[in-house]
Amino acid sequence: MNYLELGSPAHRKASVSMLLGSIVTFAILYSPQPLISLFSQQYQVSPATASASISLTTIALGMSLLFFTVVSNIWGRKGIMSLSLLLTSIFAIASAFIHDFQAFLVFRFLEGISIAGFPSIAMAYLNEEFSPRAIGRVIGVYVAGTAIGGFIGRIIIGGLTDLFNWQFAMLMMGIVSLLLSLWFWFYLPASGNFTPSKTSVRQWLAGMRASLADKNLLSMFITGFLLMGGYITVLNYIGYPLTQAPYHVSQTIFGFLFVVNLVGTWSSIWFGKLADRYSRRRVIGLAIAIFILGALMTLSSLLAVKVLGVAVVAFGFFAGHSVASGWVGVLAVKDFKAQASSFYLLFYYAGSSLVGWSGGFLLNRFGWDGLVYYTCALLVVSILVSAQVKPQAEKRGLSPS
C-alpha cells in the first residue's frame, strides 16, 4: 500500500484539509446549539422542539450515511467529500434568509443530508491513506477538528447573535465555510489506495450483516451511540440553567462557554496515541469515567464549577470518541471498513438525535439534576458495553509498548 508518510508534504496537505473539512462540517452542524434556549423564547416552543434544530439535522445525517458510503465506493472519496462541504455551506447561507422556525428546520434537515457526505467517508479515507500504526494519531487530529469546528460554530453564532441577530450570524458562518470548502477541494490529495468498485445490493447487504453480526463492532457502535447521546444532552440543555436565574448569562458569554470544547482537541489526540500503545478497553474506560465526573460537576450551584464541568465533559467525550472511532477501523475487515465506519456514525448520530431529543422531556419534568443522572446512567452502560470487546480483538493494530 502507498501510504502517506508522516511529515511529508502530502501528509501535511491531507491533515490540514481533513482538519478544515471537519471544522466546516461540525461548525455548521452544531451552530444552533447556543440558540436553543433563545428559540424557545423567540418562537414560544418547548426545549424538545427547539432542540430539533440539532436533532433533525443529525437524524438526516444518520439516514444518509450508508448511501454516501456506497456512492463513494463508485465515485471516489475526495469528490463526494468536496461536494458535501460545498453544498452544506450553501445551505447554511440560504438558511440565513429564513425567518420562520418551521422553514428553518426544513433547511436544517437538508443540511443534515448534505453534511453526511463528509463524515461518512472521512474515516474510510484516513484508514486507507495512512499506515495502521499511525491511525490512532491521525484519527485524533481529525476528531480534534470536530472539536474546533463545534467551538467555532457556536462562538460565532453566539457573538454575532448578540451584536446583530441569528440570521446574520448564520450568513457569516456560511460564507467562511464556503471559502474553507473551496480550499479543501483544491488541496486534499487524491486517494492513492482507493479502487472504484460497483457494489451490488447483495454485497451492500452482506456488508451490513457482517458489520452488525460482529459483536466487537456492535459494542463500539453502541458505545458511540451512548457517548454522543450523553454529550449532546449536556450541551443542548446547559443553556437553560445558565441563561436563567441566578446566572442570566448572555448569548455572547454563553457562546464563549464552548471554548471549553477545545480541550477535546488535546484529549482526542492524546487518547488516540494512548490507544495505539495500550489496552483500548482501559483507555476508553478512563475517558468515559472522566466524562461522568464532568457531568456530575455541572450539578454544582457555583458557576465556575459548572463551566469547568462542561470542560471535563468535553475532554472525556472527545477522548472516548477518538478511541472508539479509531477502534472501528482496526476491528473491521478490509472489504467492509467504509461500511463499518458508516455504521459507527449511524449509531453515533442516532444517539445525538434520540438521546438528545429525549433529554428535553427529562429537563421539563426532572430539571437539570434529573438530566445529569440520566446522562451518567447511559455512560455507565457505555463502559460495560465497551468492555465486551474480546481481548484478542482489542490487541489488533497495537504497536509494542
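These notebook entries record what I looked up in the structure.

**Ground rules.** I worked with a predicted model, in which local features need pLDDT of at least 70, side-chain atom pairs count only at pLDDT 80 or more, and totals for chains, interfaces and linings use all residues. Residues are numbered from 1 along each chain as its sequence is written, and side-chain values use heavy atoms, with hydrogens and water left out.

**Salt bridges.** I looked up the salt bridges (a side-chain nitrogen of Lys or Arg within 4 Å of a carboxyl oxygen of Asp or Glu). The structure has two of them. In one, the side chains of R77 and E128 meet at 2.4 Å, N to O. This pair links distant parts of the chain, for R77 lies in helix α5 (residues 77-95) and E128 in helix α7 (residues 119-129), 51 residues apart. Helices here are DSSP runs of H or I with at least four residues, numbered from the N terminus. I noted that R77 and E128 are both buried, where buried means under 20% relative accessible area, exposed means over 50%, and partly exposed lies in between (1.4 Å probe, protein chains only).

A salt bridge also joins the side chains of E111 and R108, at 2.7 Å, N to O. These residues are about one helical turn apart because they stand three residues apart in helix α6 (residues 101-115). E111 has a relative accessible area of 1%, so it is buried. R108 also counts as buried, with a relative accessible area of 1%.

**Helix packing.** I next examined helix α14 (residues 263-277) and helix α16 (residues 303-331), which pack at an angle of about 35 degrees with their axes 7 Å apart. The axes are lines fitted to C-alpha atoms over the stretch in contact, and angles run from 0 to 180 degrees between N-to-C directions. Contact means heavy atoms within 4.5 Å. Among the residues that meet are W266, W270 and F271 in α14, and F315, F318 and V323 in α16. By class, this contact has eleven nonpolar, five polar and no charged residues. Nonpolar covers Ala, Val, Leu, Ile, Met, Phe, Trp, Tyr, Cys and Pro, charged covers Asp, Glu, Lys and Arg, and polar covers the others, Gly among them.

I then turned to H321, which lies in helix α16. Its relative accessible area is 5%, so H321 is buried. Leaving aside neighbours within four places in sequence, H321 is in contact with V143, L227, Y344 and Y348.

**Aromatic rings.** I searched for aromatic pairs: rings of Phe, Tyr and Trp (its six-membered ring) with centres within 6.5 Å, counted as stacked with planes under 30 degrees apart, edge-to-face over 60 and tilted for the rest. The whole structure holds 31 such pairs. W357 and F361 form an edge-to-face pair, 5.0 Å centre to centre with 85 degrees between the planes. I also found Y231, F291, F317, F318, Y344, Y348 and Y349 linked by ring pairs into a cluster.

**Backbone.** Most residues other than glycine have a negative phi, and most peptide bonds are trans. I found a cis peptide bond between A245 and P246, with omega about 5 degrees. P246 is in the loop between α12 (239-243) and α13 (251-257). H248 is in the loop between α12 and α13, and its phi is positive, near 50 degrees. Q44, in the loop between α2 and α3 (47-50), has a positive phi near 55 degrees. Q44 counts as exposed because its relative accessibility is 67%.

Technical notes:
Helix = DSSP H or I, 4+ residues; strand = E, 2+ residues; numbered from the N terminus.
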